[in-house]
Amino acid sequence: MSLHPFAIELLQLSLLLGLAPAFAGWVKVLKCRVQGRTAAGILQPYRDIRRLFGKDIVLAENASWIFRFTPYLTFGVTVIAAGIIPLVSVDLPLSATADVIALVMLFGLIRFFTALAGMDIGTAFGGMGSSREMTIASLAEPAMLMAIFTVSLASNSTSLTQMVSVMAHAEFVIRPSLAFALAAFILIALAETGRIPVDNPATHLELTMIHEAMILEYSGRHLALIEWAGMMKLALFFALGISAFCPWGISPGGEIGTLALALVMLAVKLMVGALVMVLIETGLAKMRIFRLPEYLGSAFLLATLGMIAFFILE
Amino acid sequence: MAPPLDIAGFSVLLLLALALLAPLLRSVRTLQIPLAFSLGAAASLAAVIAGVITVADGSVASATLTLGIPGLPFHIRLDPLAGFFLVVIGLVGFFVSIYSIGYVKGYGGVRSITQMICFYSLFLAGMLLVVLADDAYFFLVAWELMAAASYFLVMYEDERAENRRAAFLYLLIAHVGAIAILLAFGVMAGQSGRGGFDGYTFDAMRTAHLSSGWAAAAFFLAFFGFAAKAGVIPLHVWLPEAHPVAPSNISALMSGVMIKTSIYGICRFAFDFIKEFPWWWGCVVLALGLISAVMGVLYALMQHDLKRLLAYHSVENIGIILIGLGLSMIFASFHLPTLAALALVAALYHTLNHAMFKGLLFMGAGAVLHATHERNMEEMGGLIHRLPWTAALFLIGCVSISALPPFNGFVSEWLTFQAFLLSPALPHPLLKLLIPLGAALLALTGALAAACFVKVYGVVFLGQWRGHQKPERIHEVGPSMLGGMLLTALTCFLLGIFPTWVIAWLDTIPKQLCGGRLAESAGKFGWMWLTPLSHERASYSGPVVFIGILAVVAVTWLLLHLRATRVGRVPIWDCGFAKLTPRMQYTASAFSMPIRRVLGFLFAVREQVEIVPQTNHPAMPGTLQYRLRIRDRFWNWLYEPQGDAAYWIARQVGKLQQGRIQIYLLYSFVTLIVLLVFLG
Amino acid sequence: MILIALLVISILVALILAFIGDWRYAPEVNIGGSLLTFIVSLVLALQVYREGGSIAGSTYFFVDYLNISLVVLTTLVSTTTAIFSRRYMRVEREHGRVGHWRMRFYHAMFQLFIFAMLIALVTNNFGVLWISMELATLATVLLVSLYRTPTAIEAAWKYFILCGVGIAQALFGTVLLYFAAERVLGAGGNALLWTNLSRVSGELDPTVMRLAFVFLMVGYGTKAGLVPLHNWLPDAHSEGPTPVSAVLSGLLLNIALYALIRCKALVDASLATGFAGNIMMGFGLLSLLTASFSMLRQKDIKRLFAYSSIEHMGIATFAFGLGGPIATFGGVLHMIVHSLAKSATFFSVGHAAQMHGTQEISRIRGLIRGNPAVGWGMFLGVMALAGMPPFGIFTSEFLILTATMKDAPLLAPLLLLGLTVAFAALFRKVQPMVTGLIPPWQKPLAAANIPVFIHLALVLILGIYLPGFLANWFHLAVEILK
Amino acid sequence: MTNTLAAQINSLLAALILLTAFALLAQRKIIALVHIFAWQGFFLALSTAVIGFASGEHHLYISSFLTLGMKVILLPYILYKLVHKLKIHRDIESVVNIPTTMLLGIALVVFSYHLTAPIRELSNLMTRSTLAIALATVMLGLLMMVTRRHAVTQILGFLAMENGLFFAATSATYGMPMVVELGVALDLLIAAFIFGIFFFHINTTFDSLDVDQMAKLKETD
């Protein structure tokens, strides 16, 4: 028997909504293990979110509606994005609403409003955060797109389902272009999700924080939404990378069997991916903000090499 | 229903009449402004109708007026391309006219309203005529009418030196461009093979068969001229001078539509007159487009004068449009009609979009100026509390220009990206490889634009008031200004949500110009799904994205508001820092500082920090002054040398006139001898 | 005979004015006389148009499409100038710059000057053409020095000597022309008649004609103010009374050019080479470039416009040199629209100078606010002169430039350069004068605005609606020059 | 009297005219210059008469008389009077190195010969060979105007040119048509009237007739 596409859609959405905190928790646990600390457990993020939802909201006097609207928008856009990237099955109805470029732009929308929210209160921190965030993003986005374009040139399509199915059914060969692109993608993903060496999610030190600085003034359910969306974003970037570069095992249709298999594969990939990221994060120290251009530049270089390699070698 | 050409003609005549009768309107005192500008709006609307019909049914109508030189009477013609630009001009004209009713009131008593009305309508008429003209002479007349009218409008506040300077620079560059275009027409007419005045008609130029050399000469002369008007880098220097100092409704027209007429001209020359051209033409256009886009947005980021910043963004967006055009030309030169159609549609779509959101933004800037009498962003802040409506509408403009879904800017940039990714279809290996790299630059542009508008909106509307005057004095602008902005914003939204309809409507233009069509593939899955070439390639659905986001937001909001929670309003926390003053906020310059550091080598940046150390402790500076000056490098690269050269030559020439009559006699003597010697 | 009437009237008016002297209605008489000649010239034009072709008034005079259009132009501009000078000279008297005797002199000489130009236009005889050119010069020399200031006298002296010398060379050219003609048409007066010469121009001896043209070119070129024979022009135009500057710029230069193109027609026919054309193109380009660059550094407003006259004469000369139907058409049109626009501009310039009591550009400010009519008059006039549509000068420049692009594309960049620099210079100088706030030293003035706006209206009309009859009129004029 | 003889006389007179032209170039004293100019006019008139007599072109007598009246009597007289009135009859003008000027003059003569040679071939008049002299006279007059700094001498140079032109007319074509001759004479008259006025103006405003003082209107800096 097989599931109806919309059922799959729902399944995927609920999976991401439900398990994104768990994934974030898993990352934290891994990190603690690697750094030899005792972890708070995978479920800690759930507790945090619940606690935040429970709290009252404290708003600065001059916060405008943009400040209050942003968390909802962030959450909403993230959820839509979650519905777009095919994770377990290629046959995903929502996936047609936005191709990979639109997806990147959707994340851009989130960033835009978060940055505005950062400036809304009118504090030095907020401005600093927004400024740095937008700077990094404007350097990261080209590299991001280049990395993805390599894949879309290979599959000559920008629609995710098409890309995934092409890559999935391509017989397994080492394609230098994709290798380069993947490397670039990882670097960018670290930057986009605000991880070390670009940003440090676990700090409130004014000199180091970027994303945190923007949401400094948030509290209560607003903060909860933002945190939750952030966790989903992390998961989504992994998902995006997986489905763009190594979608093997993803189910072509809705048969339960293949779906189950796909789920297992996905879980494994996510765990491995998380491990990789944790190792990188532990291995590296956070960069000075003005060294970031070099970092992102090298990512861009890798992506470009990937594209050139595609035209020259394949 | 009257044929579109008549409607267009009516609209032009109405405007010209308005210009001529402007002095009479003075008699109706208070009604003068509403009456004049609602007539302007009506005329614009007529133009829109004419355009919409023409583009929709792809009809071509032409007529000949009895004016002009006999043997070369004024020809007018209305084909889909012209129709499309009628719509662009008309729409913005319509919105801006409504807006002006409120805006121009602000000048009442201070300056001559009659002058404003007269040149305003002449300006609109000129733009419409540029699009309608069908022979070289009439085209240039209209072109210069447009230039002259806008020149006087830039000069409107002529007691300010910056206005005079800007106006002069603008007129000069515009005129050089016009002469270049004139020469291009000269080439076309000369090579058209038709004798006498007949060669000057566009028909002759359509049928002309030019040798490749002449064709290149004609196209690049024309391109130079149009680029000068469009503000393509490095011919852009007048734009950030002229657009800011003009009255804001005029800035909206200039940035929104006037510079688009040059896009029209380039399309005419490339696709309509010359048709067969080598691929490298497209590459030149593409390259210049990319440069303009990136440099434009970077310079924009460095500005802290709101309108100046927007002007630099016009440079950027013209660049984006040219990118589409360039790609389209490249595809067309390799005879890939469908792909050429896609790129062309992308370009035209962005033309329309930019007209909308840039118009909206300039109107917004005008509203801010109107309310605060301030153009310097460093003196603003927190206006969202004082001007809630303006703020909301301005935000839509910002989102649109930052190419973020679900608004219109995104759609056209998305289409341009799609065009980029079609490069593998090209037979030319090098192009295959290079063109996608351009996509990266486009991405960079988009991201920087987003950054820039976070800065604009954040500094102008968010945060706290930085200015010296009391913010309580600032009040929301009147209904007509809001109305104009509201309609524009609405259009931005609709253009973003229903691209399939727009593309279906546009379809006649690519069909006419490069033989390709897009509609049936783009709209195969109904109005909801935009699939430019095929659904396997790429697809986007504005409606679903919008509805989806809206739905999720609504649901979450409802769920979270089931339980009543207290929302406490408290002073700013800011990690518990005490005594936070508005001066501590990030300023515009501060916001763009990281980018200035990273890409500073592109500008002529001069930073000065003066620290006056306090007497008791050197580590504690008493006062600290920071001065930042950023100049357009192109000034001292291109323009200053030219000026110096001109004056040097002038000095040398002046030596001819050195006063003593014997010398003068000697001149005539020598001239005679020389002529006699070289007689044989 | 209307033709004779035309000449008689103007000389009579001159005599009357010399006689009545500084009678308080002298200006009105002046206007009336000019108006009368204008009406007569219109009648004449009508006659030419009806009968077509050319009317040989007698062996000495004749009228064809080419010179009648210039006759009408001359009489028109002289009329408007007379109207203008009524107000202008009154103010000058109040400022005490001219006295009783000089007013008498001024009026008489003005009409004599018009008379000389009319003869030059309608005469059939190259000798008489020369004589009347000289006469026109002599008539204006003392007008230039009317104010008796040192600079005025200097300017007049230069004008007198340089033009005298130039015109002398033209006479030598005429002698040679006569020499060549005599061997075809036989001795006697008829050998110098245009009507005969144009008939036999093919048979004239080329070597002599070549030599003759060089002398004629230098001679009449001097009077047309072509570089490098132009040095007298800026001085004379800037030092004389403004009405005189207006007619010098607007009319006399045209007459010289007219003589030149008549000669060119003959030379071309006899040589059948581009010899004359090339020389004229050379002079034209040189004048255009030199003048436009000189304009950049002018401090005196009337000098500025004097140079712009040189520039436009250069353009017209270039056009005639280029030849071909379109360019020649452009050239004829250019002569006409330029003289209209230039004299209009000089009118407003004169008033502007009177309002500020100086001709220094740097001290003339805020005209539009001070006196809208004068300010807008000057501004629009300058736009016309700078070649902005829809004014007629744009039309002619459009035709000339496009023709250049067809026949001599390599020269187009030079034209582009010249026109651009001229445009820049004009606006750079004039924009600050007309815009901005009123300076304290500016005085109110009752200006004569009708002439300015008549001219500008005509230029405008010629730009957007060239009447059919006028157009084929010019076409026929072009035919004559073939 | 045979044409050859007339031709010879004419050539002789031409030579004398050329000589006077050079003399004008060389002479320093204003008053002497006036005399030389008168002589030149005289020779001109004479040659015109001779040609008229020989060729039977009787209208040449009239122009001969005109010349006599204007250029030998009237103009010199006016100049003489002016020079005395303005008290400049003693003026000695500093002329920049005469030998060079002379050499230039000779070069000009040769050049004008070279120019008129082809015309000479075409013509069959007995005076054809003197056209070169006429052109030379014109150019020498121009040269004089270039080299001299005194208003009166410039005018004299101008008048010498006029002589040359007149001579050219007679020698090339036995004179211009009558109407032209008369017109030219008229213009000359007016010109004389005008420069007369000018001498006074210049003298009163600059209290000297040195034209080098009139160099205020210039654009060099």
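Predicted model: local features only at pLDDT ≥ 70, side-chain atom pairs only at ≥ 80, totals over all residues.
**Positive phi.** I looked up D207(D) and found phi near 30 degrees, a positive value in a residue other than glycine. D207(D) sits in the segment after α7 (178-206) of chain D. I counted 9 C-beta neighbours inside 10 Å, so D207(D) goes down as exposed. Then I turned to H373(B), another non-glycine residue with a positive phi, here near 55 degrees. I placed H373(B) in the loop between α13 (337-372) and α14 (383-386) of chain B. H373(B) has 13 C-beta neighbours inside 10 Å and therefore counts as partly exposed.

**Cis peptides.** I noted a cis bond between I233(B) and P234(B), with omega about 10 degrees. P234(B) is in the loop linking α8 (212-230) and α9 (239-245) of chain B. In chain C, P389(C) and P390(C) are also joined by a cis bond, omega about 0 degrees. I found P390(C) in the loop between α15 (372-385) and α16 (392-407) of chain C.

**Core.** The largest nonpolar core has 684 residues, and A184(A) and L128(B) have the most contacts inside it. Leaving out residues up to four places away in sequence, I see A184(A) touching several residues, including M146(A), L302(A) and G306(A).

**Chains C and D.** I counted 37 residues from chain C and 36 residues from chain D in the contact. On the chain C side, α5 (126-144), α6 (150-185) and α8 (206-224) each give at least two residues. α6(C) supplies the largest share, 18 residues. I sorted that side of chain C into 22 nonpolar, 7 polar and 8 charged residues.

Definitions and conventions: Residues numbered from 1 in each chain as written. Chains lettered and ligands numbered in written order. Core = buried A, V, L, I, M, F, W, Y, C linked by C-beta atoms within 7 Å. Buried ≥ 20, exposed ≤ 12 C-beta atoms within 10 Å, placed from the backbone. Contact = placed C-beta atoms within 7 Å. Helix = DSSP H or I, 4+ residues; strand = E, 2+ residues; numbered from the N terminus. Nonpolar A, V, L, I, M, F, W, Y, C, P; charged D, E, K, R; others polar.
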